[in-house]
Amino acid sequence: MLTVLCRRDEVSADTPLRVERDGMAYAVFVIGDGYYVTQDECTHGPGLLSEGYLDGEEIECPFHQGRFHIPSGQPVAPPCTEALRVWSAQVIDGRVCIDPSQ
Ligand code: FES
């Protein structure tokens, strides 16, 4: 079952969008033509990735400057060691959707 997170034009290439749905906080990214969704909370601590620094396919956490590869969720710079949860984003009728149970 798909859940709509936002309209595609709400996400800019410079700034991830935080979306809360059913008690979960997501970060929505657009890189090139692709949309990506990760958990918004950093796996290392209280940092929010939607407030981080975007660098190509990587997001830098604003709290301790750890980094993750957005498409895979894998940590790429310390102190982050645990992968982010990621969801496959689909754009349907201009809306970014995920299957939260994925
Ligand atoms: S909370 Fe994100 S790097 Fe520490």
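A: Among the contacts in the protein chain with a separation of 6 or more, 38% join residues 24 or more positions apart; two residues are in contact if their C-beta atoms, placed from the backbone, lie within 7 Å. The model is a predicted one, in which local features need pLDDT of at least 70, side-chain atom pairs count only at pLDDT 80 or more, and totals for chains, interfaces and linings use all residues. Residues are numbered from 1 along each chain as its sequence is written.

The protein chain has eleven strands and zero helices (DSSP runs numbered from the N terminus: strands are E, at least two residues; helices are H or I, at least four).

The open sheet consists of three strands in the order β1-β11-β10, with antiparallel pairing; two strands pair if DSSP finds at least two bridges between them. Its edge strands, β1 (3-7) and β10 (90-92), each pair on one side only. Neighbouring strands of this sheet are turned by 40° against each other on average, direction ignored, with axes fitted as lines to C-alpha atoms and angles run from 0 to 180 degrees between N-to-C directions. Four bridges link β1 to β11 (residues 95-98) in the antiparallel sense, and Arg7 stands opposite Arg95 in β11.

As for the whole chain, its C-alpha atoms fill a box of roughly 40 × 25 × 20 Å along the principal axes.
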